[in-house]
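Please read them with the sequence and structure to hand.

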Amino acid sequence: MCRFTMRAVLVVGSMILASGCGGPAFVQVETVIRSDGSCDRLIWQPKGEMLPDDALAPAWNARWKGVSDVLIPPAFSAGNQQPGDRAYFHAHGGFRSPADIPAHFLKREASYPDLGASELTRSYERKDLGFVVEHRWRETITNIVTRESFLKARGEFLEIGIPMLCEGIEQVYGDRYDVAKVVADVRTRGRRFLDDATLAYYEMLAKHEAEPEKEREMKVRFAGVLQRLGVDLFDEKGSLVESDEGMRRIKAFARGVISQDFKRRDGQPLSEDEVQAILESAWSPPHYDAWATFTKAHEKEIKTKLGPLLLRMTGLYSFPGIFAPPGPVFAFTVRLPGKIVEAETNGAIADSSQVRWDFDGARIFPDGYEMKAASVDFDEEMQRRLLGRVVIADLASARAYRELVGEEGTLLDLVRRACRDDDIRIIREARGDDELKRAELAELKQFLQLAP
C-alpha cells in the first residue's frame, strides 16, 4: 500500500485513539422576541471574518443601536477562553420584526467562493389565538453538503486523486523500487479503504448523536473500517484496545504492507531502515523532499481540481481536510414571550422563556443546523376581564384550547372578535347555523366556563 493510503490509515487510527485541538473563533447571538412580534438582537462576532461584505460599514452600523469593540464574547469569557489574535465586536439593536435584522454572518471558503456560503436564515411566526398567542422561532446556520453531493464529489475526487497518487509513487520510489504491486494495491484495497473511511466520516458526523455516545460510536465505526483493511483494534472481548496498543498495531500493519508491496530492484529484501523511511515519507527525509517536489509540480492541479471536490465533501466547517478539527464555536439564545413548549424545542431550556444552543462547526455538517423553539403566551389580563377568571394558565390547557378553536375557522374568528372588541357577548350569544356548529360552540363555552 502507498504512502498516502498508509498515512490515511494513521490519520484514521489517530481519530480513534486521540482527539484534536485548536483555537476556534467564537460567535454569540442573543434574540429577544416581544409579545407584539418586535425583537432585540445582540451579536458578538470576530471582526474581518465570517461577515457579509457590507458588515461594519457606516450604513450597516446605522441599522443597529450600537456597535463597539469587545475583547471576547461574554458567553466564552467565563471559561477563561482566550481570544487569541482575533479582534471581536458587539452590535445590538431593536427591530420591528426578525425579518428586519441585518445580515451579520456569512462564511465562505476564500479559495472557492463560488461553491456556496454558510449564512443565517430565520423565520418567526406569531399566531394569535385570542386568549393565548403562540410564538414559533426557527434559525438555521446553513452548509453546502448533502449525501448525494458528498458521494458524487468523493467519486470524482478519487478518480482524479488516485491516478495522481500512483504517478507520485512511481516518481518518488520507482528508481530504487518496483512499485507495481504498490500501485495495484492503491487502486484496489486503497480505493476501498478510502471509500469506506470517507463514508463512515459522513454518516457518523451526520448523525449528531450526543457526546460521549457519538465519540464512542465514531471510534468503533472507524475501527471497523480499519479491520476490513486488516488492522484489528479490538481485544478478545470486542472492545477497543488502549491508545498505545492501537498505534502499535497500526504501525505494525503499515510496516508489514510496505515490506510486502515495495520490491527492491536488486532483489534484496527491504531493511528495517528502508521500511521506516517509506513509512515516514510524509514528514521525514529521504522521501519527503521528493514528495514535496511532486506536490509542488502538481500544485495548480491539486488546487483547481481536488480542492473544490474536497470542499464539497467536507463543507465549510471542516475544510481543507476531511479529518480537520471543527471551525467556529457558537452560543445562541432566544427568549420568547410566555412559556417554552419543550416538545417543539430542540435546544436546552435555560428558564421558562429562554432556550440556548451551544455547538461547534461539526454540528453544522452536512447541510446546516436548525435551532427551533416555540412558546405560548397567556393573556391572563384579557381572560380576567372577559371571563372573570384565568381559564388557560398552563401548557396543557393551552393545548386543549388550541385543539378546540383550531388554526382558522368560525370558533377562532369568534374568540378573536371578542378579544378585539373586548366583548364576551360575541361568544356567549353565538348560536351556530347547524347542529355541528352548535355542538362546537357549546364545547367552547363550557371550556371557557361561560354560564348558559
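1. Burial is used here as follows: buried means under 20% relative accessible area, exposed over 50%, and partly exposed in between (1.4 Å probe, protein chains only). At 1% relative accessibility, Asp261 counts as buried.

2. This is a predicted model, in which local features need pLDDT of at least 70, side-chain atom pairs count only at pLDDT 80 or more, and totals for chains, interfaces and linings use all residues. Residues are numbered from 1 along each chain as its sequence is written, and side-chain values use heavy atoms, with hydrogens and water left out.

3. Asp261 belongs to helix H7 (residues 243-261); helices (H or I, at least four residues) and strands (E, at least two) are DSSP runs, numbered from the N terminus. The side chain of Asp261 makes a polar contact with that of Lys181 (2.8 Å).

4. Helix H10 spans residues 299-314 and includes Glu299. Glu299 is partly exposed, because its relative accessible area is 41%. Its C-alpha atom is separated by 12 Å from that of Met164, 135 residues apart along the chain.

5. Among the buried residues of H10 are Leu306, Gly307 and Pro308. Just after H10, Gly315 takes a positive phi of about 75°.

6. Leu71 lies in the loop between strand E3 (66-70) and helix H3 (74-77). Leu71 counts as exposed because its relative accessibility is 65%. Between Leu71 and Arg41 there are 19 Å in space, C-alpha to C-alpha, and the two are 30 residues apart in sequence.

Note on methods: A polar contact is a pair of N or O atoms within 3.5 Å; within protein, one must be able to donate a hydrogen and the other to accept it, and residues adjacent in sequence count only if both atoms are side-chain atoms.
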